[in-house]
Amino acid sequence: MSATGLDAFDKTLQTTNIWLDEVMADIGPDRQNAWHVLGAVLRTLRDRVPAPLAAHLGAQLPLIVRGAYYDGYRPLTEPLALRDCEAFLAHVGEGLQGIRPVNVRDATCAVFNVLSAHLPRGQCAKVRDALPDDVKALWQLDNAEHDVTERAAAGRAAQNARDARAFRARGGKD
């Protein structure tokens with residue numbers, strides 16, 4: 001039985017949760033933070049690469065993630081001039097204001113790893129090649145040797161442990 005009544009929604013919800021689980025495996029057991037990290041890194045990528053390449057990347061994303069990717073998008077004639085890793089990470093950091101502090105470099109690498117694990121290698125290579133050399137160094141295209149299912153399970157387990165601690169702290173009552 002379908003959870004939403006639409007297979008397309010069920011599939012994108014499942015895929016998005018897998019991606020969030022994988023991000024959580026790297027940045028910690030907070031699904032809300034993982035969602036913000038995923039969005040901030042993707043929007044920075046979108047704004048840094050040429051618009052046609054940004055559109056091709058967006059087309060590869062799960063439907064829900066695609067919504068976060070295009071949130072607030074205003075196509076530029078020229079990509080943002082984030083010419084080095086420091087500027088790129090600073091732009092990602094701006095998108096992470098108001099959430100629990102995370103290491104922006106680790107967060108960026110976590111999203112790059114998710115993209116490498118789930119998107120066609122050629123698409124990832126095109127996007128990566130449009131980035132400054134020191135940002136490219138953060139994105140290991142062949143880092144997909146890790147088991148995606150195992151990484152997602154680690155993220156889910158961390159979230160479940162966090163939820164259990166919060167439940168106990170409330171005295172075992174919802």
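Predicted model: local features only at pLDDT ≥ 70, side-chain atom pairs only at ≥ 80, totals over all residues.

Colleague: Fine. How many helices and strands are there in the protein?

Modeller: There are 9 helices and 0 strands, taking helices (H or I, at least four residues) and strands (E, at least two) as DSSP runs numbered from the N terminus. Along the sequence the pattern reads α-α-α-α-α-α-α-α-α.

Colleague: And what share of the residues counts as buried?

Modeller: 41% of the 174 residues. Buried means under 20% relative accessible area, exposed over 50%, and partly exposed in between, with a 1.4 Å probe and protein chains only.

Colleague: What about the accessible surface of the protein?

Modeller: That comes to about 9200 Å², with 53% belonging to carbon and sulfur atoms. Accessible areas are from the Shrake-Rupley method with a 1.4 Å probe, and for residues only the protein chains shown count as cover.

Colleague: Now the inside. Which residues touch the most other members of the largest nonpolar core?

Modeller: Val 37, Leu 42, Leu 45, Phe 88, Phe 112, Leu 115 and Trp 139, out of 43 residues in that core. Helices H1 (7-27), H2, H3 (51-60), H4 (63-70), H5 (85-95), H6 (104-118) and H7 (121-129) each supply at least two residues of this core. By a nonpolar core I mean a set of buried Ala, Val, Leu, Ile, Met, Phe, Trp, Tyr and Cys residues joined through side-chain atoms within 4.5 Å.

Colleague: Tell me about Trp 139. Where is it found?

Modeller: Trp 139 is in the loop between helix H8 (133-136) and helix H9 (148-169).

Colleague: A loop residue, then. Is Trp 139 buried or exposed?

Modeller: Trp 139 counts as buried, because its relative accessibility is 0%. Not counting residues up to four places away in sequence, Trp 139 touches Leu 45, Phe 112, Leu 115, Ser 116, Cys 124, Val 127, Arg 128 and Leu 131; contact here means heavy atoms within 4.5 Å.

Colleague: What does Phe 112 contact?

Modeller: With neighbours within four places left aside, Phe 112 is in contact with Val 41, Leu 45, Phe 88, Leu 131, Val 135, Leu 138 and Trp 139.

Colleague: And Gln 140, is that buried or partly exposed?

Modeller: Gln 140 counts as partly exposed, at 40% relative accessibility. Gln 140 lies in the loop between H8 and H9, and a polar atom of the Gln 140 side chain is 2.6 Å from the backbone oxygen of Ala 137.

Colleague: Switching to charges. How many salt bridges does a search of the whole structure find?

Modeller: The search finds 4, where a salt bridge is a side-chain nitrogen of Lys or Arg within 4 Å of a carboxyl oxygen of Asp or Glu. One of them joins the side chains of Arg 31 and Asp 21 (2.6 Å, N to O). Arg 31 is in helix H2 and Asp 21 in helix H1, so the pair ties together parts that are 10 residues apart in sequence.

Colleague: How accessible are Arg 31 and Asp 21?

Modeller: Arg 31 is partly exposed, with a relative accessible area of 25%, whereas Asp 21 is buried at 2%.

Colleague: Which salt bridge does Arg 46 make?

Modeller: The Arg 46 side chain meets that of Asp 47 (2.8 Å, N to O). Arg 46 is buried, and so is Asp 47. Beyond its neighbours within four places, Arg 46 is in contact with Ala 54, Tyr 69, Tyr 70, Asp 71, Gly 72 and Tyr 73.

Colleague: And what about Asp 133 and Lys 136?

Modeller: Their side chains meet in a salt bridge too (3.4 Å, N to O). Both residues lie in helix H8, 3 residues apart, about one turn of the helix. Asp 133 is exposed at 61% relative accessible area, while Lys 136 counts as buried at 18%.

Technical notes
Residues numbered from 1 in each chain as written. Heavy atoms only, no water. Polar contact = N/O pair within 3.5 Å; in protein donor to acceptor, adjacent residues only side chain to side chain.
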